[in-house]
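I'd like to walk you through one model, so let me put it up on the screen.

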Amino acid sequence: MCCESKKRFLLLYATQKGQAKAIAEEIWQQAGAHGLEADMHCISEMDKYNLETEKDPVVIVISTTGTGDPPDTARKFVKKIQDKTLPPDHFAHLQYGLLGLGDSEYMFFCNGGRTVDRRLQELGAQHFYDTGLADDCVGLELVVDPWIDGLWLALKEALQLQKEKEGMNSAVDAVSSSLSPAPHAVLELKLSSEVQNLKLEDEGARGSDVLSQKLDDINLVASARDTEPSLVRSVPPVSQSALNIPALPPEYIEVQFQDTQGENPHLSSLISEATTFEVPVTKAVQLTREDAIKTALLLELDISDTAFDYQPGDAFCVICPNNVNEVEELLHILGLSEKRDDFVCVKVKQGTKKKGASRPQYIPERSTLKFILTWCLEIRAIPKKAFLRALVECTSDAGEKRRLQELCSRQGASDYTRFIRDSNVCLLDLLRVFPSCRPSLSLLIEHLPKLQARSYSVSSSNLYQPGRLCFVFNVVEFPAGPSRPVSRRGVCTGWLAELVAPLLHSSKNTLDTKGESSATEKISIFPRPNNAFRLPADPSVPFIMVGPGTGISPFIGFLQHRQKLREQHTDWEFGETWLFFGCRHQDRDYLFKQVHYLTSILCFLENGTLTHLKVCFSRDSSTAEVAPPKYVQDVLRLCAKEVARVLLKERGYFYICGDKKHMADDVSDAIVDILSMEMEADRLEAMKILAMLREAKRYLQDVWS
């Protein structure tokens, strides 16, 4: 290993979208200021480290993806440590600290980190530092920042213990001295009474930049009447505080424009997760009326000429581009409009101080500038604080520079959460309101994450519709607001809606041959199986489906599959099926009520495939003496005895699909109430029963936030 054993620790990260890697890089950068060297590797690079023989402390940063799975980069590692033949003392020599990343909007919060943590403990490994679980729902930095702050003392103690065991007490003193919280990273920003004279004075520090400012005579607020903070304006105490800002990330990418011609890479080269398929969109229908609050579209893809396979309940991913107008605007701001079609060569900058610097795998070594901004970089990504810190150096206006510093500082953490994170602000939004900020293309490549393919639930059955794949989505709308001057659509849903516009016939709520077009558009997709959301293996087992809005999507596939099985196996016994569906208005957004081509919900009910249908409409008015239920959880409570019978007596399955925050949690609470009431048990006992159903994989969720 390249690091001195006296000061070394092993730093591993497992990332899906780049967050865990960015945090690991922050730890690596800070380590030097504490007299340590982090031997940093992706956890997938198992040829570069060996936990079986590792003597130094290990720090692991790991995210969670899907329905609680470890990230793709950690799959081989997890499979290796889950080998049941490993003895319980396999890692007895190992000291580690783990930081897990997750989102509490999802049921299996931080399960990627928890899985690794639990297994390492089972194999005898010891914590030298408490496990941290950071929640992206409220802001990762609320846990990440203090966890990193406390890491250095814990590492110091772990290294001291290690040296004592090795009989190297003399080395302990040296390590302790090097790890003292003495002056190690001080960068002072001194402000004179004129904002224009703002200067940065490097005090020779490299870690956490401490900004000391004299603001007695400075008024950074636009006017005396502006007492409310905003994206571009701060108020006391932030506006008058000395700021602790992150260290400036080292530059590591170099971009060279070339005069040569050629072709851009195929989109399949950007995807490492699975085999991609380019398939035509053969049909499209708008499932909602024009006056519905949300626009729901259903698309049919022709997969007959491919090896693409799926089961009802599976998901798949669509490879989508950034919005063409946003790409053009970004090119204009960068001053690169004239070079949009020029080929660029992306390389690692010589002499960079970034540890293990490499060209991001999702950036082609050679392609056009427009290709990179269109297909490779997530230009809609919420900028991380490290990116804001880098943007400070690209900003010429003193007031704008100060505000960007505030937004990436600890003192401005609340403003960052409110005006950037919670407002879904992206790079373009920042460049619009901070016009003196002019970042380089290389900086964008360094800080913008990979443009992720978007995942959708399959809404069909290959058994019912061979060679066809259907899916449903709402066209996501982001209205303009204080932090975002223009409205916009979702990256993928907006692109798909525009792509299939010629196929849409909103006047007919049906999928027939009129929805076809000779000029067929194609999209690139790849499978993402969901083995945790499958029909019961035994067709005689009853099941309940809860899917309001577009959450009904996978259940159409379930019902299609069940109908075909009923036709093919007339001698089989089939359990009863329940569907709880809800929407706002019966006549505006009752999805699949009259989609004849796919067989409507009512047809499933009439032919016996669906035995019970319960619907509710949250925004429709009623003249009935007893108001009808508004939400699916209310309807579930009205069917309490039947629900309890299916789950407890008949050992049935319960499926939920849809929004977690505003539906799935309420449904879970309703089930607890139902179990408590029907079993005449207290709420705690009912919660234990629900937990057992989850553990037995009879209470299954496919939810999103």
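A quick word on naming before we start: helices here are DSSP runs of H or I with at least four residues, strands are runs of E with at least two, and both are numbered from the N terminus. This is a predicted model, with local features needing pLDDT of at least 70 and side-chain atom pairs counting only at pLDDT 80 or more, while totals for chains, interfaces and linings use all residues. Residues are numbered from 1 along each chain as its sequence is written, and side-chain values use heavy atoms, with hydrogens and water left out.

The protein chain has 19 helices and 26 strands. Of its 705 residues, 52% are buried; buried means under 20% relative accessible area, exposed means over 50%, and partly exposed is in between, with a 1.4 Å probe and protein chains only. Taking contacts (heavy atoms within 4.5 Å) between residues at least 6 apart in sequence, 77% join residues at least 24 apart.

Most residues other than glycine have a negative phi, and most peptide bonds are trans. Where is the cis bond I want to show you? Look at Pro236 and Pro237, which are joined by a cis peptide bond with omega about 5 degrees. Pro237 sits in the loop between β9 (209–211) and β10 (243–245).

Next come two residues with positive phi. Phe592 has phi near 65 degrees and is not a glycine; you'll find Phe592 in the loop between β23 (577–583) and α15 (601–606). Lys697, also not a glycine, has phi of about 60 degrees, and its loop runs between α19 (683–695) and β26 (699–704). Which of them is buried, and which exposed? Phe592 counts as buried because its relative accessible area is 1%, and Lys697 counts as exposed because its relative accessibility is 53%.

Setting aside neighbours within four places in sequence, Leu391 touches Leu404, Leu427, Leu430, Cys437, Pro439 and Leu443.

What about empty space? Rolling a probe the size of a water molecule over the atoms shows where it is left. A cavity is a set of points, on a 1 Å grid over the protein atoms alone, where a 1.4 Å probe fits but cannot get out, and lining residues have an atom within 4 Å of a point. Grid points are joined across faces, edges and corners, and a volume is the space filled by probe spheres set on the points. The structure holds three cavities of 30 Å³ or more. The largest has a volume of about 80 Å³, and its lining includes Tyr362, Trp375 and Lys450.

Last stop: Gly262, in the loop between β11 (253–258) and β12 (277–286). Gly262 counts as partly exposed because its relative accessibility is 47%. Beyond its neighbours within four places in sequence, Gly262 is in contact with Phe343 and Arg366. Gly262 and Arg366 are 104 residues apart along the chain, and their C-alpha atoms are separated by 9.4 Å.

Definitions and conventions
On a 1 Å grid over the protein atoms alone, a cavity is a set of points where a 1.4 Å probe fits but cannot get out, and a pocket is an open set with protein on both sides within 12 Å along at least five of seven lines; lining residues have an atom within 4 Å of a point.
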